[in-house]
Amino acid sequence: MNFKRRSGVLLHPTSLPGTYGIGTLGKSAFAFIDWLKSAGQTLWQILPLGPTGYGDSPYASFSTFAGNPLLIDLDLLCEKGWCDKKSIIPPDYIKKEGNVDFGAVVWWKIPVLKNAALFFLKNAAKEDIALYKSFCNEKKNWLDLFATFMSLKAYYDAKAEEEKPASSLWNVYWPKELARCEKDAVKNWQKEHFEEIEVLKVIQFFFDVQWQALKKKANDSGILLIGDIPIFVAPDSADVWSNQSLFQLDEDGRLSAVAGVPPDYFSADGQLWGNPLYDWDAMKKDRYSWWVNRIRRVFELTDLLRIDHFRGFEAYWAVPAGEKTAINGSWKKGPGLDLFNTIKKKLGDIPVIAEDLGVITDEVRELRDSCGFPGMKVLQFAFSTQEAKENGMTNCFLPHTFTSQNCVMYTGTHDNDTLQGWLENLNEEQLCLVAGYIEGKNLTAEKAKSLVKSGSLRKDMIKAAFASTAVYTVIPMQDILGTGNEGRMNMPSTTGANWTWRMDKSAFKKSEAENLAFLSKMYGRNL
């Protein structure tokens, strides 16, 4: 793929300011694009866009095809005449500023959106209804079953809350014929619940209209959108429910094995993710049509794609269902190059970034390079005092060690401390190592600490990322703003406070834009 040097910013739309409860696809999103353009940036990277479930993680959504209703901007709906302005007034507990309270936002916003969808169906102009019908026809391969799944889920989740069973998951609590997604049972449900399913489809139409308008604005401004998908999907999802033959499930839809990673230096028990595993043999027989459709959908919404846990395509860690840890798993071969050759035949040379972090084998590198995909380099991962003592400054994430330009340079990711928070938490030996490399001179601990406090070391690390030979440089917005660890997006293996950070409305600073524009010009990233 023919990448040219670019730079940009990582910011999920939920973190945008200026709207009640959560960032949306409204005026602040358009203002952010204007700010990116003024900053000379040509990339906007986001997290997965699907509707989030328990834990609010964009990496565990109810559908890999659908959009997150919480991102829909209510004011834009009113401007189009698709809802009543009085109906979108938020209650007192929904605030315009501060972090996202997902529970409160869902409680308030989903009923508002459902009422807006009913209003649209009754009052929208003929041409708008025609657009909606066209959308339904174009997205039929996933839309109908997604809306049906969410309708079933709402009904049986409510029933489970009353009866309090051990689990309300579709493969545990739903009637067998519906849990198995049997055609006749699903058709009957769709007939009996026609209106609520239609409402859910209208909400997806709202999302699509707003997202496509935002994408056009970005593209017209010379900005490419980088999308993101996890390799695996959530067990509680329309993806698994409606495609059970493509996953490692028993005849009742129960998981026979789940995803994870093996024990390593960081975790003696490994990580037990619990995602369903693909039946790659079944997918191959179908010429990977589900994956082709999944990738096609992402490229309807974005211009480039980052795939999380790329190493799982070469080999994945399979843990028998029911295990309490990931210790007793084993490596199983993935589809490898066959999958990507098939996708290429169907979709052409798609621009993909491979998330190749962690323990990566020669086989994974060979797969990545055979596909031509750039991998990731994370500056925070480059500094180990023990490694530096034993091998010198040779870590593969250090900019001077890059053997290829075909990579993407980040200061950090959504799963790490913010850059400022990371620097503040380094011990003196680590801090001196970082400061010495970045500043190019031997510094005392006190001098290094003063550079952290002033923000100078953080800014110089961003400059080093821009100066690297990596074809792309992407900086999290928190690192540009100098936000501490209160801005960290995710602490893996925890729930409750993740994904909630929102930037302040005053953060679109002209000075920051001018600095980024200078760096992009100086290091040839705005050609």
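Where is lysine 346 placed? Lysine 346 sits in helix H13 (residues 337–347); helices (H or I, at least four residues) and strands (E, at least two) are DSSP runs, numbered from the N terminus.

This is a predicted model, in which local features need pLDDT of at least 70, side-chain atom pairs count only at pLDDT 80 or more, and totals for chains, interfaces and linings use all residues. Residues are numbered from 1 along each chain as its sequence is written, and side-chain values use heavy atoms, without hydrogens and water.

View A. Aspartate 228 belongs to strand S3 (residues 224–230). Aspartate 228 counts as buried because its relative accessibility is 5% (buried: under 20% relative accessible area; exposed: over 50%; partly exposed: in between; 1.4 Å probe, protein chains only). Its side chain makes a polar contact of 2.6 Å with that of tyrosine 59. Another, of 3.2 Å, joins the side chains of aspartate 228 and arginine 306. A polar contact is a pair of N or O atoms within 3.5 Å; within protein, one must be able to donate a hydrogen and the other to accept it, and residues adjacent in sequence count only if both atoms are side-chain atoms.

**View B. Lysine 216 with aspartate 220.** Their side chains form a salt bridge (2.7 Å, N to O), defined as a side-chain nitrogen of Lys or Arg within 4 Å of a carboxyl oxygen of Asp or Glu. The two are four residues apart in helix H9 (residues 194–220), so about one helical turn separates them. Lysine 216 is exposed at 53%; aspartate 220 is exposed at 56%.

**View C. Arginine 368 with aspartate 356.** A salt bridge (2.7 Å, N to O) links these side chains. Arginine 368 lies in helix H14 (residues 362–371) and aspartate 356 in the loop between strand S9 (352–354) and H14, so the pair ties together parts 12 residues apart in sequence.
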